[in-house]
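Open the model in your viewer and show it as a cartoon.

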Amino acid sequence: FFVATSGRFHGRVIIPFWRNEDLMYFQARSLIGQKPKYLNPGSEFGLKSKNFLFPFDLSERYVVICEGPIDAISLQMQGVNATATLGCSISNTQARLLAQFQGRVIVGYDNDDAGKKGLKGLHQLINCQRFLDIDYCFPDKRFKDWNDMHVANINLRQYVKENTLPYDGKVFEISSVLGI
């Protein structure tokens with residue numbers, strides 16, 4: 001990791017996305033309450049966040065897909081193969097990249113309505129690329145995300161193993177913002 005000491009990303013941790021030994025992308029995350037929490041390199045550099053997945057091991061039997069790289073890193077630190085879609089939705093490009101993965105796909109977005117909506121969208125998009133059953137495993141309801149569970153010393157590998165379920169498209173009801 002790096003810390004930006006000046007410029008647009010000043011005061012943010014730079015999370016690099018490496019492929020082999022080449023930097024292919026990065027995300028800048030605020031650790032001190034700056035808004036927005038995440039900044040990505042602009043499209044003026046020819047980069048779009050939705051064209052990338054956080055690097056993961058393609059040779060593993062499964063991958064957990066989460067929203068942000070901090071969650072993916074928290075899972076990886078505990079031996080869980082994980083990637084991030086840089087938000088709670090997946091793009092066509094990311095779906096095509098995931099469709100190339102031959103292992104089990106487990107969606108592990110945050111445990112909120114946005115994460116549940118993202119799971120449904122991911123399921124629809126990835127099935128357009130490759131007919132694939134997916135599973136899901138959201139973080140424990142007591143925690144905001146995978147990183148919070150990691151900080152609380154929860155065994156994430158065991159949690160994922162014990163709490164992953166098949167997704168059938170009818171599992172969740174998403175509450176309306178208006179309460180209707």
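Start with the cysteines: the count of disulfides is zero, a disulfide being a pair of cysteine sulfur atoms within 2.5 Å. This is a predicted model, in which local features need pLDDT of at least 70, side-chain atom pairs count only at pLDDT 80 or more, and totals for chains, interfaces and linings use all residues. Residues are numbered from 1 along each chain as its sequence is written, and side-chain values use heavy atoms, with hydrogens and water left out.

Select Cys 66. Its relative accessible area is 0%, so Cys 66 is buried; buried means under 20% relative accessible area, exposed over 50%, and partly exposed in between (1.4 Å probe, protein chains only). Now select Cys 137, which counts as buried at 1% relative accessibility.

Helices (H or I, at least four residues) and strands (E, at least two) are DSSP runs, numbered from the N terminus. Which way do the residues of strand 5 point? Tyr 62, Val 64 and Cys 66 point one way, Val 63 and Ile 65 the other, and all are buried. In a regular strand the side chains alternate between the two faces of the sheet.

Strand 7 (residues 104-107) pairs with strand 5 in the parallel sense over four bridges; two strands pair if DSSP finds at least two bridges between them. Look for Val 64 opposite Ile 106 in strand 7. Strand 6 also pairs with strand 5 in the parallel sense, over three bridges. Here Cys 66 stands opposite Ala 84.

Next, select helix 1. Together, strand 5, helix 1 and strand 6 make a right-handed β-α-β unit: with the strands pointing away from the viewer, the path from the first strand over the helix to the second runs clockwise. Seven of the nine residues of helix 1 are buried, including Pro 69, Asp 71 and Leu 75. What covers them includes helix 4 (146-151) and helix 5 (156-163). After helix 1 comes Gly 79, with a positive phi near 85°.

Two bridges join strand 1 to strand 2 (residues 12-19). Pick Phe 2 and find Ile 14 opposite, in strand 2.

Terms used. Contact means heavy atoms within 4.5 Å.
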